[in-house]
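I opened the notebook to look up charged pairs and the contacts with DNA. The entries follow the order in which I checked them.

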Amino acid sequence: MHEDLNPEQRKAVQTLSGPLLVLAGAGSGKTRVVTIRIAELIQRGVTPSRILAVTFTKKAAVEMQERVSALLGTRLQDRPVVSTFHAHCVRILRRHIRRLGYPERFAIYDRGDQESIARSVLREIKVPGSLLRPGDLLFLISRWKTMCLRPDAAASLAQTDKEHLAAMAYRRYQNTLKVAGAVDFDDLLLLTEQLLETDAEVRRDEAARFDHLLIDEYQDTNGSQYRIVRALARDHQNLCVVGDDDQSIYGWRGAEVQHILRFAEDWPETTVVRLEHNYRSTAAILERANQLISYNKMRYDKVLRPARPGGENPKIEQFANETAEAKSVVSEIKRFLDSREWEPNDFAILFRTNEQPRAFETELRRLKLPYVLIGGMSFFDRKEVRDVFAYLKLLASPQDEVSLLRIINRPPRGIPQGVVQRLTDKAVSNSTTVWNVMTQRENLGMLPGPKQAAIETFVALINRARADLKTKSIVEVVRTLISNIQYQSEIDRQYDDPNERESRWNVVEEVVNAIGVYEKESRKPTVSGFLDEILLSQRDFSDEKENQLKRNGIVLMTLHSAKGLEFPHVYMVGMEEGLLPHHRSIKATDDAIDEERRLCYVGVTRAEERLTLTMALTRMKWGKPRETSPSRFLFEMIGQADKATDTRKSPGPPRRQKQSAPRRHKR
DNA sequence: GCACTGACCGTTTTT
DNA sequence: CGGTCAGTGC
């Protein structure tokens with residue numbers, strides 16, 4: 001089987017028991033090796049459903065599931081479980097979360113929900129935005145949760161004022177979730193970890209469900225994930241982790257390279273397999289990549305060996321400003337396209353920050369070239385999507401406070417802010433939920449007649465829809481609901497531009513269609529089942545990334561989103577100090593610079609045939625042109641690191657002091 | 001409830 | 001520069 005594998009790959013595939021660390025360099029055919037390994041396990045008699053493969057993203061899970069099925073054919077009734085960390089944790093929690101005092105059908109709050117809670121919590125404890133913004137708070141909470149710290153522990157460890165405030169807010173934040181019977185994404189991991197840690201029976205039960213565990217992108221696991229893996233694999237030790245320490249680029253959100261670096265110490269029986277042949281890029285490109293990454297201190301020492309000799313040397317180009325940079329790159333791509341040898345999606349323009357693509361978009365539009373900008377505003381961040389989802393969540397559970405407060409007066413139905421405030425106060429003082437307050441008539445006595453009527457109409461609307469769910473299809477109920485609240489006329493009222501009206505309404509329709517698809521494919525469809533599916537499962541109706549790549553345009557995306565992809569022609573633009581490495585990383589520790597270097601490495605190793613690195617000598621920043629200097633990574637790549645201008649330690653040219661005197665504290 | 005104004009701020013992003 | 005958000009006045 002699989003004669004075309006090289007000896008390293010074969011070893012990775014065939015080491016069937018005990019801990020296995022596969023150090024897979026960029027472009028080494030990692031995905032293929034993992035897939036074949038799963039197939040091999042099954043061929044040697046392992047029951048498919050007793051294999052658990054964990055991936056980092058939904059997309060990766062879907063792809064792996066498809067590859068495995070393709071390899072094994074359809075003869076199997078039984079399949080290996082391929083899942084993301086979070087989705088697997090949900091399954092564990094559904095089975096046992098009662099022990100932690102949560103309802104079995106707990107709701108999962110996404111980023112947007114988290115933000116509204118953060119906002120209201122900060123309002124409650126009267127913290128001005130200048131001290132601690134919702135984003136900062138959520139960042140800290142997330143960090144604490146990954147470190148397995150509860151509010152009390154966080155409070156006692158807090159050092160700065162900011163951290164003390166955040167710890168206070170954390171307590172309230174967590175309380176809000178608990179009362180609503182909801183968890184956030186970090187809780188999925190944290191609570192699972194807690195269950196496995198404190199309840200020996202649960203741990204044994206969950207660990208015994210699988211005989212083999214495979215973890216992909218192991219370099220990106222955070223503390224919780226690490227401990228969960230340990231708890232699940234402890235008994236059988238059949239743990240295969242795959243990853244590349246040089247591609248760890250998510251440290252800023254809690255991933256720790258240390259996990260992959262220390263793996264062999266954690267699991268003493270470990271077999272280590274290194275995949276160091278690169279089948280993707282030419283030798284010329286790989287040489288640059290190897291040079292660059294050798295400047296990182298903490299790493300497995302490895303050198304990618306090219307399977308494709310020769311190749312064009314990567315170009316480094318300087319331009320006067322970002323407009324010239326964009327013009328040159330885009331017109332070069334146009335020449336390639338005119339030659340008809342390449343398709344638009346053979347080209348990728350990679351950048352560090354989201355303001356960079358603007359100049360390129362302008363230029364691409366001017367030359368009428370098709371392009372796709374990956375990332376940006378996600379489907380879920382759209383106001384309309386959030387509204388419809390809030391209604392859905394309310395149908396699933398009216399106790400869902402965050403969703404209720406979002407749409408209680410949207411579209412406007414005569415329940416103004418002041419009334420909502422009184423309802424909330426009442427709920428707090430009765431230690432119940434706003435929904436319960438609204439549904440008990442005696443609670444509404446304090447309000448003037450029309451407001452009472454408005455509330456009763458709203459409650460009736462929701463109750464009616466919930467009752468209809470018993471007899472009608474979800475799509476039908478949701479369509480009726482949306483038409484009852486006259487959501488479309490609300491959109492028309494808010495926006496004058498017909499295009500905008502149409503696109504916003506289309507988004508609503510898309511959600512409804514997705515419900516239809518779910519309902520057709522699911523055996524026992526429920527609203528909360530749909531929400532789970534969309535949030536966590538393998539299917540993703542808004543998979544814009546996928547659709548967009550299929551649309552065959554020149555690909556514009558951040559270095560972060562480029563991980564795992566490959567393109568014949570890659571342009572890495574904005575190769576400047578302050579951008580890559582980003583100035584916030586320069587100000588921080590050396591570790592942060594190392595991560596930026598890995599990010600650069602990820603970019604370089606995306607290129608198959610041609611790599612072009614460009615920079616602008618001046619760049620507009622917040623309306624003003626500013627001088628730049630070449631990224632230190634450019635010098636490192638060509639082996640002249642000593643020539644880099646060190647912006648880090650030398651005081652540098654006398655920087656104009658920003659007029660920082662009377663800026664803050666104006667509220 | 002809503003349109004308007006001015007202050008403020010600026011990395012990466014998945015589940 | 002451009003987007004977001006809180007505050008203001010109707």
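I looked up aspartate 184 and lysine 145 in this predicted model, and both are buried (buried is under 20% relative accessible area, exposed over 50%, partly exposed in between, with a 1.4 Å probe and protein chains only). Their side chains form a salt bridge, N to O 2.7 Å (a side-chain nitrogen of Lys or Arg within 4 Å of a carboxyl oxygen of Asp or Glu). The two partners are 39 residues apart, with aspartate 184 in strand β5 (residues 182-184) and lysine 145 in helix α6 (residues 134-146). Helices (H or I, at least four residues) and strands (E, at least two) are DSSP runs, numbered from the N terminus.

Notes on the model: it is predicted, local features need pLDDT of at least 70, side-chain atom pairs count only at pLDDT 80 or more, and totals for chains, interfaces and linings use all residues. Residues are numbered from 1 along each chain as its sequence is written, chains are lettered from A and ligands numbered from 1 in the order in which they are written, and side-chain values use heavy atoms, with hydrogens and water left out.

Next I took arginine 50 and aspartate 211, whose side chains meet in a salt bridge at 2.6 Å, N to O. Arginine 50 sits in the loop between α2 (30-43) and β2 (51-55), and aspartate 211 in the loop between α10 (200-207) and β6 (212-215), so the pair ties together parts 161 residues apart in sequence. Arginine 50 is partly exposed at 26%, and aspartate 211 is partly exposed at 29%.

How many salt bridges are there by this rule? I noted a count of 53.

I then turned to DNA strand B. I found 28 residues around DNA strand B, and Lys58, Arg352, Asn409, Thr558 and Arg584 come nearest (a residue is near if one of its heavy atoms lies within 4 Å).

By class, I noted 7 nonpolar, 11 polar and 10 charged residues near DNA strand B. Ala, Val, Leu, Ile, Met, Phe, Trp, Tyr, Cys and Pro count as nonpolar, Asp, Glu, Lys and Arg as charged, and the others, Gly among them, as polar.

Last, I looked at single atom pairs. A polar backbone atom of asparagine 354 is 2.7 Å from a phosphate oxygen of DNA strand B. An N or O atom in the side chain of histidine 86 is 3.4 Å from a base oxygen of DNA strand B.

Technical notes
A polar contact is a pair of N or O atoms within 3.5 Å; within protein, one must be able to donate a hydrogen and the other to accept it, and residues adjacent in sequence count only if both atoms are side-chain atoms.
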